[in-house]
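I opened my notebook to look up how this chain is put together.

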Amino acid sequence: MKNYVISMYNKGQNEAGPKAKVDAEDFLAQENFDKVNFYFSGARKAKLLSVKQRLWDIPQKLKQINPELVVFQYPTFDSSTDQAIISNLKKHTKAKIVYLIHDIESLRAYRGDVSYTKQEIDFLNQSDGLIVHNTKMAAWLSENGVKKTMVQLEIFDYHNPVPLQKNRLYEGSICYAGNLQKADFLQKLTLKHPLALYGPNQAATYPENITYQGSFTPEELPTKLVQNFGLIWDGTSITECDGSFGEYLKYNDPHKTSLYLSSGLPVIIWKKAALADFVSENNVGLCVDSLAELDGILSTLTPQEYQEMCTNAQNIAKKMRTGTYLKTAVAKISQLIEVEK
């Protein structure tokens, strides 16, 4: 019997959205996992396609496989599609099913929605085990009713063939990559050090020393990151990460962190973010309470201290580029659920 990884994503998307799933598939393929893929594009077409997939595509595809282990990349397009995949796996196979968590919507889009949270927790409990982002996410899931075995990914791997830049000259420069429509804090940010922006939906103007550099595919973007630090921040405020996406940082592993670190680029992250522990323990960046501190911190950082962060980031990058974190998590959860059964 073979192992499979099941995914659904928007192939035409140029943002980082589908890359995490595509990379996971490719790294698991190196461990002899076969792929089962479903696609969507455009809201109206996607809803119609979702009905067809639930009634025909999903059952027909899953009838044809005989897996021992399935890694299901959660979530897909909507909860009914998620359920169709799991129900058909349970109906047509005897596979052990592990969810690789990309997002927990109860902590993001549906934060505070008791009914949705119960529905999501019930769905997670249909698995044999979960690969979650970090200890903070695992703790929240346990507190809210998840009973299944969980292992922590630590951080997302990132396929990045761009050669690592050696000997970055320290000048205190920063970059920020992402959907700029969700980065309202940028309009309030006053910096003496230069900040370069990458991504779609740029604003008409930005404060002094903040410049827009363009939007690029995930394959092109690493070639542009020639600055000293990559910034991880969300919300409307420079003194904290606020709003749904800012609060989400307390539990998730933002994929842009992996973009930066896989490029050998140290990061700047909110001290209350879940990934701040990883950044601090591995000395691959700066953990700050407020962006108002940035100029002072960057001015006092020595070139030697920065080079040490770069060396550590390059060591992490080498692991990410070979899928070490995911492969380790899959091996661990496989052993744990085998023991339980």
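**Ground rules.** I am working with a predicted model, where local features need pLDDT of at least 70 and side-chain atom pairs count only at pLDDT 80 or more, while totals for chains, interfaces and linings use all residues. I number residues from 1 along each chain as its sequence is written, and side-chain values use heavy atoms, leaving out hydrogens and water.

**Overall build.** I found 11 helices and 12 strands in the chain; these are DSSP runs (H or I, at least four residues, for helices; E, at least two, for strands), numbered from the N terminus. The radius of gyration is 20 Å, close to the 20 Å from the globule rule for 341 residues, so the chain is as compact as a globular protein of that length. That radius is taken over C-alpha atoms, and the rule is 2.2 Å times the number of residues to the power 0.38.

**Burial.** I noted that 54% of the 341 residues are buried, meaning under 20% relative accessible area (1.4 Å probe, protein chains only).

**Helix H5.** Which residues of H5 are buried? In this helix, residues 135–143, they are Met 137, Ala 138, Trp 140 and Leu 141. They fall within an arc of 165° seen down the axis, so they line one face of H5; the arc is that of the directions from the helix axis to the C-beta atoms. Their cover includes strands E4 (96–101), E5 (129–132) and E6 (149–152), along with helix H4 (114–124), where contact means heavy atoms within 4.5 Å.

Key: Buried < 20%, exposed > 50% of the residue type's maximum accessible area, 1.4 Å probe, protein only.
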